[in-house]
Amino acid sequence: MKIAILGGGITGTTCAHRLSLQGHSVVLVEKGRGVGGRMSTRRMGGARIDHGAQFLTVRDQRMKEYILKWKQSEVIMAWYDRIPDREDLPVGTRYRGTQGMNSPVKCLAESLAVEKQFFVESIERKDQWFIRERAGLGRNLRADHVVVTFPVPQVLELFQRSCFSLDPQTMQKLRAVRYTRCLALLGLLEGSSALENPGTLTHPVPEVDWISDNMTKGISEQPACTVHASSCYSEKFWDAPDEERIPLMIKVAEEYLNSRITQWSSHRWGFAKPLVTFGDSHFHSLEEGVSLAGDGFGGERIENAFLSGWEVAESILSSVGQNLNR
Ligand SMILES: Cc1cc2nc3c(=O)[nH]c(=O)nc-3n(C[C@H](O)[C@H](O)[C@H](O)COP(=O)(O)OP(=O)(O)OC[C@H]3O[C@@H](n4cnc5c(N)ncnc54)[C@H](O)[C@@H]3O)c2cc1C
C-alpha cells in the first residue's frame, strides 16, 4: 500500500518510519526546507539555535528503546536532570539532540522518501488520493492512504480547501482542539552568557517562560540565545509589531544572560502546546482512507507526539492486515 504522510515533525516521521519498517511504500510530505516541525533547529550567523522544543523527556518503554538507539548512535544525549536551586522543577533526564532538537527527527527520516518544500494545498480522493502542491513546483502525488499530522487547526484548513470532511462527531472533536501560542526570540550574543551549565533559566519574570544559551547547551559554537515568552504575554502582543513586543524580551534576556544581543529574529508559534486535545491518541479510518495524528491527539510533549505517530502506524498496520485476511 502506498501511504502519504503529511507533515514532517516527530509524529509524521515516527509514523513513516514504523510503516516503512513493515515494508509499506511511504512518502513524507513537508512544507519546510527540512524535517523537524516544532523541533526545528535554526542557523543564524554561524550559531545553531533550538527554535521551538528545547528538550525531550521519556517515560514510555517504546520511546525508551528509541532513546537507547539514538544515544548509542550519538543522535541525542542527556542534557540535564535538575537545575541548581530549582527544587520546584521536576527531576528527570532532559535529552537534547547532539546537533540540536531536530537531530532525532532527521535520523528517523534518513531512509525515507521526503518531498520537502511541498505545501499541501489540497487532497482529493478518486480511485486513489491526489495530493496537490500549492504553487511551487506544481507537484502531484498519489497514494492509497493519507496520514495528516499537522496541528489540528491546519488539518481543518486543509479539509476546507479540499472540500473534505469526516463524520460530524469527529469534526466536532477536531474543532474543539486548542493550542497555546508562543512568541520566540532568537539572538546572537556579543560574548559568553552568565548562565552556568545547563545554560537555561525558566520563568525569570512573568512575561518570559524560558531563556537558554545554545552554546552552554552544547549545540552552538557561538553564544546565541532562545527566549520564549509566556503564553499570557504572547497572547497580549500576538498582533503587535516587533517594535512593541520584542524590546521587553531583549531586555530580560540581556539582563539574565549578562551579554548584549547583537542580532535577532522573532517568530510566532501559533500552535505551541495543546490545551484541549482530541481525546484519543489518533484517528484512523481505512474506509475513508485517512488517519490523523499529532500532539493535538496524543497530548503535550514530544513523547506524546511520538506515541501518537507510533499508534496511528499500528492502527494502519492492523487494519490493512485484517483487510487482507478477509
Ligand atoms: C515554543 C515551543 C516549545 C516547546 N517545548 C517543548 C519541550 O521543551 N519539550 C517537549 O516535549 N515539547 C515541547 N514543545 C512541543 C513539541 O515541540 C510538540 O509537541 C511536537 O514537536 C509536535 O510534533 P508534531 O509532529 O505533532 O507537529 P509539528 O512538529 O508541528 O509537525 C507538523 C508538520 O506539518 C508541517 N505542515 C503543516 N502544514 C502543512 C502543509 N499544508 N503542507 C505540508 N506540511 C505542512 C509543518 O511544517 C510541520 O513540520 C514545544 C513547542 C513549542 C512550539
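Reader: Which residues of α8 are buried in this predicted model?

Author: A residue counts as buried if 20 or more other C-beta atoms lie within 10 Å of its own, as exposed if 12 or fewer do, and as partly exposed in between, with C-beta atoms placed from the backbone. Because they cover an arc of only 85° around the axis, they lie on the same side of α8, the arc being that of the directions from the helix axis to the C-beta atoms. Residues are numbered from 1 along each chain as its sequence is written. The model is predicted, so local features need pLDDT of at least 70 and side-chain atom pairs count only at pLDDT 80 or more, while totals for chains, interfaces and linings use all residues.

Reader: Why do residues three or four places apart point the same way in an α-helix?

Author: An α-helix has 3.6 residues a turn, so residues at that spacing point the same way. On the face of α8 turned away from its buried side are the exposed residues E243, E244 and P247.

Reader: Against which strands do the buried residues of α8 pack?

Author: Contact is a matter of C-beta atoms, placed from the backbone, lying within 7 Å. The buried residues of α8 pack against β13 (182–189), β15, β16 and β17 (261–269). Of these, β15 (residues 208–213) has five of its six residues buried.

Reader: How do β15 and β16 pair?

Author: Two strands pair if DSSP finds at least two bridges between them; β15 and β16 (residues 224–229) do so in the antiparallel sense over five bridges, with S212 opposite T226 in β16.

Conventions
Helix = DSSP H or I, 4+ residues; strand = E, 2+ residues; numbered from the N terminus. Contact = placed C-beta atoms within 7 Å.
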